[in-house]
Amino acid sequence: MHKSMSSNNIFTTQITVDNNHNEHDESNYSIPKSSPSSSPPGQNIVSSPSSNRYSNNFSNIVNSLNSSPSSSSSSTSTPGSKEIFFRVKDRVKKAYFKGTTVEDLKFLFLQKFPEFPKDVDIQFLIIDKGTNREQQVIDVNDIKEHQELLIRHEYNEDTKKRSQGYTGLDKEKIVLVMVGLPARGKTYVARKICRMLNWMLVPAKVFNVGEYRRLRIGAGQPHDFFDPHNPEGIKARLHMAVAALDDMISWLHNGGRVGIYDATNSTNERRQLVEKRCTREKMTVVYVESICNDPSVIEHNIKETKLLSPDYQGVDPSKAVQDFRDRINHYLKVYETVEGEKTRYIKLFDVGKKIEVNNITGYIPSRVVFFLMNLHLHPRPIWLTRHGESEFNAQNRIGGDSDLTERGDNYAHQLAVWISEWCSKVRADGYDGEVVVWTSSLKRAIRTAQYISQPKVVMRALDEIDAGVCDGMTYDEIQEKMPDERAARDSDKLQYRYPRGESYEDVIQRLEPLLLELERTKSPVLIVSHQATLRCLYSYLKGRVKEECPFINIPLHTLIQLSPKAYGCEESTFKLAN
């Protein structure tokens, strides 16, 4: 199988990817039609009825839940019941048990932990605090008042090693081997792929051989160190390549999923060394070759990245450029492109202008191809902002679809003025000044963007995290009426899912198609959304680890400007209103 494609027709030529509600009639808004192909395979988002999403009062729902037989038997004390505590990993939930069998105990447990697999053998363990010995519960009469029961089986170990967000083959280990001459964007592409996979909750890590060389041999090696006829240089570079390879394989054997081996790997001999080792370790190798024939792109890479490298710290720029060009010429003498009918490879021409794919199968390699088809190097700012203060914000309520307060409307005016002034400034510098504005489908976000004259697109994927039956409540009300849910959320904010609602991992999955569109878009983008969704987008753009995502501060009435660069994102913040 050999395919060649252009990134301009990505939705019709190459990839088939295994996402409806708007009650506002705004004439200057375009609403893209949702499509089954917009959502990644295996996406499992629990959506609540629209009445739950937009209702202002959930007290009837909460009262009906609290008055149901199952709820009263597990959450409130009744004569003859015992107060017990279920512990799964670091999550603890209180319950009242009055059953007579282990099956009754299992039924109660699954009420408290509905996300727990129902088709497995659940064992309840009592830990003797004196001896720390475990005793399995065979007779429920052995359970004492205020007893803590530990639940442990393979499900717990699984969730430590992988997130529920990844739906591919869990045991498959993949090695992406970067290939290309210096200054062809290999490291830029490697880091982008790694950031995307980690954001999708697939454990990925880059192993850069150049960093091993700088750390163990030292930075500032002259160009002749890379001469293919320099035996000492060849030996030293081989040792560094093997050291990085050893560390990558060790990491993959200890919970990693995708290792990205970042080096020139410019000869068949070097690539065979890597592939044979990975094959012996039962790992799948996919080559990602970056080919660049555009002199302007190469020149941009040399000046923006290589001159800032530790290899040329304190060196005169003109001498540094000449030395680096000499280094490239050394690699050109022996460079061999990736070939072979059975070889798995992705060839990226001029950072996304064209992609050539050969023998690529599987979930992760296919997602990498689709991601690379949307990649570009055009500099542009991305602005993130929450909606202006809403009526629910003023009441400390979560969710809902309330309108803006007077303060929120003032912020909408200030935001429009700021964007207008920015457009005027860049027009004076020769840019046409168009900004793409994306908003969620909720009223408070649409109202925040209403005074901006730029074209707008409403995206339901940008809606706030669905709080399910807690929508419209304050956190104090949740604590009073659903203390177990509040405790569960506090113990694992990333994976906690609101009853009939969403978790942060669900939000990350539903944002994936939007993320690809954001990577593809070359115009400046203003995103008007909500705290949870913006936390997820910010964590992706800044390369933050997923565990930090639910705790990132996205303040009201503040514009966050992110400018993507080759090795990260420059950040500026603007407080536009109180």
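How many helices and strands does the protein have? There are 21 helices and 19 strands. Helices here are DSSP runs of H or I, at least four residues, and strands are runs of E, at least two, numbered from the N terminus.

A word on the source. This is a predicted model, where local features need pLDDT of at least 70 and side-chain atom pairs count only at pLDDT 80 or more, while totals for chains, interfaces and linings use all residues. Residues are numbered from 1 along each chain as its sequence is written, and side-chain values use heavy atoms, with hydrogens and water left out.

Next, burial. Of 578 residues, 52% count as buried, meaning under 20% relative accessible area with a 1.4 Å probe, protein chains only.

Now a helix pair. Helix H8 covers residues 209-216, and helix H9 covers residues 231-253. Their axes come within 9 Å and cross at roughly 115°. Axes are lines fitted to C-alpha atoms over the stretch in contact, and angles run from 0 to 180 degrees between N-to-C directions. From H8, the contact (heavy atoms within 4.5 Å) uses Val209, Tyr212, Arg213 and Arg216. H9 brings Met240, Ala241, Ala243, Ala244 and Asp247.

Last, one residue. Gln561 sits in strand S18, residues 558-565. Is Gln561 buried or exposed? Gln561 counts as buried, because its relative accessibility is 15%. Its side chain makes a polar contact with the side chain of Trp383, at 2.8 Å. That term means a pair of N or O atoms within 3.5 Å; within protein, one must be able to donate a hydrogen and the other to accept it, and residues adjacent in sequence count only if both atoms are side-chain atoms.

Key:
Buried < 20%, exposed > 50% of the residue type's maximum accessible area, 1.4 Å probe, protein only.
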